[in-house]
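Have the viewer open and follow along.

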Amino acid sequence: MLASIVPFVGAAFLIAMVPGPSTAVILRRAVMNGRRTGMATVLGNECGVLLWGLAAAFGLSALLLASQIAYEAIRIFGATVLVWMGARALRQARRVGGPGEEPVETPAMGHRRAYWQGLVTNFANPKAGVFAVSFLPQFVPQGAPVLPTLVAFSVIWAVVDLVWYLPLVWLAGRVRSALQRPSIRRRMEQVSGAVLVCLGLRLAVEP
């Protein structure tokens, strides 16, 4: 079993390092609202990772491969969520004052709302489910009980993802105070909003 866990952890780290919608949402929340809010978003994201892993373990996410309608429904929903969050960020950028004005207070976001934002961002991506189906079973050792092993790998996958995001949230919190000037805040909202909209549109148009 250990011989399978080591390469699995390495592969899970490589997957976590690839930036995507979750990375954009987590960093935006950490920079705009602080480390605690960023960590709440991370915890929501990891619950999404765990749910996809468990769905793969129990064969539920295989339905996405079998049902084009289910896949398309989740894909369009996820794309809509990303575009909506991106549009909100772009609207927020217009509310930030111009250069030379005093730093503005960032609207507070509750930890529960941040958690759900992280969860929805991850779980509304059907490609994560398809990936879980193709990724996790590759590391099940021959002769090992499949279901318990896949459940264990799902937990490890979520923990590895969490470990990757911890330093990112910490660093984002460190630079937060330097990013409160209106001109920088406005630019960050514009960039993060554009990134989220582009990710949503890509998810909507890609097969």
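**From a loop to the cores**

Start with Gly110, which sits in the loop between helix H5 (68–95) and helix H6 (111–123). Keep in mind that this is a predicted model.

Next up is helix H3, covering residues 35–57. Its 23 residues reach 32 Å from first C-alpha to last, close to the 33 Å expected at 1.5 Å a residue. After H3 comes Gly59, which has a positive phi, near 80 degrees.

H3 also takes us inside. The largest nonpolar core has 16 residues, and those touching the most other members are Phe8, Phe135, Leu136, Phe139, Leu150, Phe153 and Trp157. Two or more residues each come from helix H1 (2–17), H3, helix H7 (126–135) and helix H8 (146–176). H8 gives the largest share, five residues. As a rule, nonpolar side chains in soluble globular proteins tend to be buried together.

Zoom in on Leu150 for a closer look. What is Leu150 in contact with, leaving aside neighbours within four places in sequence? The partners are Ala56, Ala57, Leu136, Pro137 and Val140. Apart from this core lies another one, made of nine residues, including Val81, Met85, Leu196 and Leu203.

Key
Residues numbered from 1 in each chain as written. Predicted model: local features only at pLDDT ≥ 70, side-chain atom pairs only at ≥ 80, totals over all residues. Heavy atoms only, no water. Helix = DSSP H or I, 4+ residues; strand = E, 2+ residues; numbered from the N terminus. Expected span 1.5 Å × (residues − 1). Core = buried A, V, L, I, M, F, W, Y, C linked by side-chain atoms within 4.5 Å. Buried < 20%, exposed > 50% of the residue type's maximum accessible area, 1.4 Å probe, protein only. Contact = heavy atoms within 4.5 Å.
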